[in-house]
Amino acid sequence: MCGILGVVARTPVNQLLYDGLLVLQHRGQDAAGIVTADGANFHSHRGMGMVRDVFRTRNMRALFGSAGIAHTRYPTAGNASSVAESQPFYVNSPFGIVLGHNGNLTNTEQLKIDLFRSDLRHVNTGSDSEVLLNVLAHELQNNATNYKLDPATIFAAVSGVHRRCQGAYSVVAMIAGYGMLAFRDPFGIRPLIFGRMETATGYEYMASSESVALDALGYEVVRDVAAGEAIFIDMDGQFYSQQCAPKATLNPCIFEFVYLARPDSVMDGISVYEARLRMGESLAEKIKRQHGNLDIDVVIPIPDSSRPAAMQLSKHLDLPYREGFIKNRYIGRTFIMPGQAVRRKSVRQKLNAIDMEFKGKNVLIVDDSIVRGTTSSEIVQMARDSGARKVYFASAAPPVRFPNVYGIDMPTREELIASDRDDDEIAREIGCDRLIYQDLDALIDDVRSVNPAVKNFEASCFDGKYVTGDITQAYLDGVEQERRDSSKRARDSAAQQLALELETSE
């Protein structure tokens with residue numbers, strides 16, 4: 001899960017790209033970067049941390065040009081957290097190209113071998129995004145005549161990317177002196193949308209991970225980029241598009257609607273907010289059918305993404321809705337944070353309970369999902385510490401039982417609380433009196449009902465079915481080991497840092 005943004009405008013875009021990244025900050029807090037294009041010249045600044053911390057006035061002043069792309073990142077499996085891994089990435093041959101990527105390639109290692117042996121290209125980081133950039137550069141080189149590009153040549157290169165790259169990828173790229181390219185994998189797993197703004201001298205175009213960036217910056221939404229499609233806007237603002245995959249099928253990631261996306265976004269014609277309202281309705285129906293004996297006094301959401309579901313659930317159960325937790329908005333999203341100890345500590349820093357809403361009551365706490373169970377167990381304990389008689393817990397999503405390989409850095413199977421436990425065992429693990437999960441069929445129906453034209457969804461973290469068809473047990477075992485190694489490196493680094501601090505304090 002990363003945030004990508006691309007703009008071809010008539011005036012300087014540095015502030016525009018910065019503002020857009022702020023709107024997409026929820027999609028990644030590890031690193032951020034902006035590259036602008038001034039004619040055939042690129043100007044770049046990247047850094048670790050939140051958008052507001054990466055860019056200073058001096059950095060912004062150096063980002064010249066009326067076109068550019070931007071990226072906000074969180075690391076996927078095994079990727080190191082360093083400036084070298086931050087995006088956009090750059091390659092200078094055969095054309096100057098910068099690229100930002102949201103997703104995860106599932107054949108990265110084979111592509112690295114092919115790039116080195118056949119394409120004579122060197123990849124300098126562990127990032128699959130740099131691999132994707134080099135594949136695109138090679139395909140542009142192969143399709144260009146006399147090193148000249150036109151839209152047909154560019155789309156032929158994207159077709160080559162689709163043939164070679166497997167997995168999930170939504171991409172924005174700038175080709176020096178030519179314009180902005182945006183494309184989406186043939187399964188349409190990760191989101192990508194574009195819009196335009198009419199000016200006195202013609203249209204400006206913007207592509208983004210979520211529609212909320214277009215809304216906030218005054219762009220009119222045109223439509224989503226289709227699965228397998230590419231769009232190209234040249235430096236004069238001329239727009240071109242083409243379907244570049246012969247067998248494209250739309251399978252948007254359903255976890256985007258559960259948790260990842262902002263509620264005010266619309267993706268593939270589906271309002272995230274409306275989808276979450278409907279999740280609350282179907283969850284209420286399940287409680288009526290299967291848990292009608294629960295003596296619930298009040299419904300309380302975990303802010304922020306579970307609010308719509310909790311509000312609709314309380315309405316359908318005819319129960320009071322209350323805000324029982326106050327969120328500190330200056331603490332990062334715990335799902336994204338590396339390290340179990342850091343996550344546990346951040347839950348108490350991030351949420352504080354209002355005792356009067358819990359004292360002497362039987363509360364139904366509603367969350368969007370349960371992944372590791374770390375946050376859930378801390379929240380249940382907070383409710384009990386605040387005087388709740390009974391604590392029931394409802395998840396707007398089904399049990400997360402399988403790893404995600406398409407760009408969401410979910411933990412290893414043994415860290416997923418639902419991987420080898422039933423509902424009663426999970427309830428005991430997190431300490432609640434009753435646990436209610438959404439059913440997968442109901443969740444899919446909830447999201448699909450907002451736009452019936454979307455027939456299929458990528459839901460592998462719930463059902464273990466990987467839509468790209470190339471995921472083997474050996475691949476999953478390798479991903480799991482990579483995540484274990486990455487977690488160990490993070491723990492060792494934290495231990496070394498703590499030891500250093502203790503030594504310094506003495």
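Helix α9 (residues 272–290) and helix α10 (residues 307–317) pack with their axes 7 Å apart and at an angle of about 40 degrees, axes being lines fitted to C-alpha atoms, for helices over the stretch in contact, and angles running from 0 to 180 degrees between N-to-C directions. Helix α9 is therefore oblique to α10, since angles under 35 degrees count as roughly parallel, over 145 as roughly antiparallel, 65 to 115 as roughly perpendicular and the rest as oblique. The contact (heavy atoms within 4.5 Å) involves Y273, R276, L277, G280, E281, L283, A284, E285, I287 and K288 of α9, together with P308, A309, M311, Q312, L313, H316 and L317 of α10.

This is a predicted model, in which local features need pLDDT of at least 70, side-chain atom pairs count only at pLDDT 80 or more, and totals for chains, interfaces and linings use all residues. Residues are numbered from 1 along each chain as its sequence is written, and side-chain values use heavy atoms, with hydrogens and water left out.

Seven strands form an open sheet with antiparallel pairing, in the order β3-β2-β4-β1-β10-β9-β11. Helices (H or I, at least four residues) and strands (E, at least two) are DSSP runs, numbered from the N terminus; two strands pair if DSSP finds at least two bridges between them. Strands β3 (41–48) and β11 (220–224) are the edges, each pairing on one side only. Within the sheet, β9 (residues 193–199) and β10 (residues 202–208) run antiparallel and are joined by seven bridges, and E198 stands opposite Y203 in β10.

Helix α1 (residues 14–23) lies across β1 (3–8), β2 (31–38), β4 (67–73) and β10, and runs at about 155 degrees to β2.
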